[in-house]
Structures are given as structure tokens and as C-alpha cells.
Amino acid sequence: MMCDMKLEPYSMGIGDRFGHQGLAQLQAFILARERGISVTPVWNKSYREHALIGSEPADVRREADAAVQSLGWQGSYRVDADHINQKTMERFLEPCDFFTLDVSDFIGRPSPRDIVEAVVERHRRLLGLVRIPWLSVSLDITREQARSLVGRYYEAAREAGRMYRAITRVRRADSVIIEVSMDEAEQPQTPAELLWILAALADEGVPVQSFAPKFSGRFNKGVDYEGDVAAFSQEFEADLCVLAFARAELGLPETLKLSVHSGSDKFSLYDPIRRALGKYGAGLHVKTAGTTWLEELTGLAEAGGDALRLVKEIYRHAYSRLTELCAPYATVIAIDRRKLPAPDEVDRWTSADYVRSLRHDPASLHFNPHFRQLLHVAYPVAAQRGSEYRSALAAHAPTIARNVTENLFTRHLLRLFGCE
Ligand SMILES: [Zn+2]
């Protein structure tokens, strides 16, 4: 399948809700490159984030271009229309070159029986015992199972096809990178399901270069993975093998790789992921999403004075609006209200108290994942403070930038893509 704009083997999605940290983020990729770790930065921002903050996709493009120009970045970089659907894609078409087609809502919608049957028949060589190179167990899918799999995912693949064609009516096919995401599905996808989903995407002519499945376990925002790490590793490796097989067998782009969403702070998975990438010579896209905003809060807390007062007020508002702020993120956060500090208590905290509770250092007794998750979804509170929040960002830019760069470089790029 043709795709002239190729996605590099290692790429990382970086979200920047308020659009002030482009330089500090790119600085982390420069430090990585100095260590011989080549990772493509992808600035991503979803429709939901734009709507809550009042920004436009074109603002992200401007921010990325400015950071690249100012730091003289010579490598590739992308701007991601993150989690778009047909209703929300319009404004992303011109400024973006990476498109994350979110088709999770179409999973399970019924497809005509004859269409399902035709897909199964077209890919009948995937039925029965199929030996996937490197995978210790062969896949063994009966025709009946394949019908059920295709029946479950075909409308999602069709929707990805419709979206891809809508994008390429406006944009040249060789100027876009396509990711398909099903990570916001109800159920995780097994390696066998992944293979049939990719078959359906190939039938629809979608040149998918990055696929975001829903993995088993919980990927809560801004905190570590919750689940069985050994089971995840097995599933992740099986997915890598299926992808390699699908690239060759289904004629999908040779650059096709996995994408891990809500990938920031999943520290317990980084060792198994890094080892698996090395073992299979595989690439990976990881979205770190909105945690740069938490580094802004960390930097402001560190700065003390009015900046510390501001982040305490943001917490107080977030605490009183918890239900409303958490609602859009129900499947990707897990906050135990009883473990949240009372706002009156937080008001008495020093800079160090606030930073220690917020910064993700799993070894620290002071780290509070509930506090961190609530602040993660609290960015609309800061957005409503408008210029007051933005002036604080400007006034304490160096302190914040140090936290943003350090977080991406040390805790993410080095651990995921560094050498053993
Ligand atoms: Zn996602």
C-alpha cells in the first residue's frame, strides 16, 4: 500500500494544553538525540481539549513550527489531529499531517451478513492454524469465529475508510500519516482480533501506519499502569508479531506500528516495552498527552508566592467540581475521594509539600496519585482563569520549562527508547 509520508520507527505524542511549552518539550528530544536516541515529536491535541481550552488546531501547528525553528530541530516532527471523527475533523484538515481516526464508537455496529462473509472469504488464508513468525502459539480461528470478529469490527474499519477518503479529498495522500485508534473501546482487543481488524482496514484501503488498540489493564491518566504486567508484556509482544505478519501478508505500510495511548507515566511497563521493541526490532508511538500541564503546576508550585497560591486555588476549585471535571475521563481515571487532601489542608502546604504530592515519583511516600489525577483533569479550571494563569506561566517560564523537559527526557524518552 502506498504511503509516501512515512512515520519514523520511534515517535512520541506530546500534548501541550495551553500551548506554552513547545520549546521545553522539543528540548527533551534534542537531549535524547544527543544520546543517540532518535524520536520524532508529534504535537497532539484532541477536539475535547481544544473545546475546553478555546484553542484551534492551527495554534498547535504554529507552536510546533515556532519551536522547531527556534531550536533549529533538523528531524521530522508532526502535528496530530488527535481522536477525531467525521463530526470534528474539519478544522484539523489543513494544519495537521498526522490523523488519529477514532472509530471506537463504531465497534459492534451490525454489518450486512453478505459483506462480513465476503471479508472472511477474501482472507480465508487467515482461517485455521496460522503460524505467526516468532509467536510461540499459532492463531487458530474458525470460520464462525472470524464471522463474529469481522461482524464486530467491520463498521469501525469502514468508518476509518470513509474518514481517510474525506481527508484525502482535501489533502494529498502523500502528505498525511494515518493512525487508527480503538483504545477507547469497552473491551481490549486480542492479537487475533487485531489481525482481522487490520485485514478489514486493508480491504478499506486505509494506509494505517499506527494502530492504537485497547490493551488489557487500566491506563489511567498521568499515573502508572494498573494490571498484570506479565500478561500485558505477553499481549504486547503478540501484537508486535501480528503487526509484522500483517504488514507482509495484507500489504499494509511497512511502517505500521503500535501506538500506546495514555502512555505517560506507565513506568512499570517501560522495561518490558523497551525489551520487546529491541527483541523484534519494532517501532512504537507513545502518546503522553496532557501531563505537560502537570509540569506547569509543578513549576508554579516550586516558584512559591503568588504562583503557589494560584495552584492551591486551582486545586480547591477542582475539588469542588470533581464530578463534572472527571465525567469526560471516566474510563481513564480512578480517583478515590477519601484519599484526596482537603483544600484547607493543601492551603497550609509549602512549595515542597505540593510538589512532592504531585510529582510522579512512585518511590516517594508523599506522592499522591489521586491528587495528581484530579489535577490532571482540572485544566478547564486554569483555562477559566485566563490571562491570570497565562501570565503566571510567562512569569515562571524557566522553572516550568526545566520540569517539562526533565519529565519528558528522563522519565519517558530515556526509559522507553534508551539503551539497556
Ligand atoms: Zn486514545
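Does Ala230 count as buried or exposed, and how many C-beta neighbours lie inside 10 Å? In this predicted model, Ala230 has 9 C-beta neighbours inside 10 Å and therefore counts as exposed. The residue belongs to helix 7.

## Overall architecture

The chain comprises 17 helices and 10 strands. Its radius of gyration is 22 Å, which agrees with the value near 22 Å for a compact globule of 420 residues. Along the principal axes, the C-alpha atoms occupy a box of roughly 70 × 45 × 40 Å. Buried residues make up 48% of the 420 residues of the chain.

## Helix packing

Two packed helices are described by the angle between their axes and the distance between the axes.

| Helix pair | Angle between axes | Distance between axes |
|---|---|---|
| Helix 6 and helix 7 | about 25° | 9 Å |
| Helix 7 and helix 8 | about 30° | 10 Å |
| Helix 9 and helix 10 | about 135° | 6 Å |

Helix 6 spans residues 191-203 and helix 7 spans residues 229-249; they pack at about 25°. That angle makes helix 6 roughly parallel to helix 7, the cut-off for this description being an angle under 35 degrees. Helix 6 passes helix 7 in a right-handed crossing. On the side of helix 6, the contact involves Pro191, Leu194, Leu195 and Leu198, which meet Glu235, Ala238, Asp239, Val242 and Ala246 of helix 7. By class, this contact contains seven nonpolar and two charged residues, with no polar residue.

Helix 7 also packs against helix 8, at an angle of about 30° and with the axes 10 Å apart. These two helices are therefore roughly parallel to each other, and helix 7 passes helix 8 in a right-handed crossing. From helix 7, Val229, Phe232, Ser233, Phe236, Glu237, Leu240, Cys241 and Ala244 take part; their partners in helix 8 are Ser268, Leu269, Pro272, Ile273, Ala276 and Tyr280. The residues of this contact divide into 11 nonpolar, two polar and one charged.

Helix 9 (residues 292-303) and helix 10 (residues 305-320) have axes 6 Å apart, at an angle of about 135°. Helix 9 and helix 10 are therefore oblique to each other, and helix 9 passes helix 10 in a left-handed crossing. Leu297, Leu300, Ala301 and Ala303 contribute to the contact from helix 9, while helix 10 supplies Gly305, Ala307, Leu308, Leu310 and Val311. Eight of the residues in the contact of helix 9 with helix 10 are nonpolar, one is polar and none is charged.

## Residues with positive phi

Which value of phi does His83 adopt? Phi of His83 is near 55°, a positive value in a residue other than glycine. His83 is part of strand 3, which covers residues 78-84. With 23 other C-beta atoms within 10 Å, His83 is buried, because the cut-off for burial is 20 or more such atoms.

Ser262 likewise is not a glycine and has a positive phi, of about 50°. The residue is located in the loop between strand 9 (257-260) and helix 8 (267-280). Ser262 is buried, since 27 other C-beta atoms lie within 10 Å.

Where in the chain is Glu388 placed? Glu388 belongs to helix 16, which covers residues 387-395. There are 12 other C-beta atoms within 10 Å of Glu388, and the residue is therefore exposed; the cut-off for that class is 12 or fewer. Glu388 is 357 residues from Leu31 in sequence, and their C-alpha atoms are 32 Å apart in space.

Methods
Residues numbered from 1 in each chain as written. Predicted model: local features only at pLDDT ≥ 70, side-chain atom pairs only at ≥ 80, totals over all residues. Helix = DSSP H or I, 4+ residues; strand = E, 2+ residues; numbered from the N terminus. Axes fitted to C-alpha atoms, helices over the stretch in contact; angles between N-to-C directions. Parallel < 35°, antiparallel > 145°, perpendicular 65-115°, else oblique. Left-handed = near helix turned anticlockwise from the far one by under 90°. Contact = placed C-beta atoms within 7 Å. Nonpolar A, V, L, I, M, F, W, Y, C, P; charged D, E, K, R; others polar. Rg over C-alpha atoms; globule rule 2.2 N^0.38 Å.
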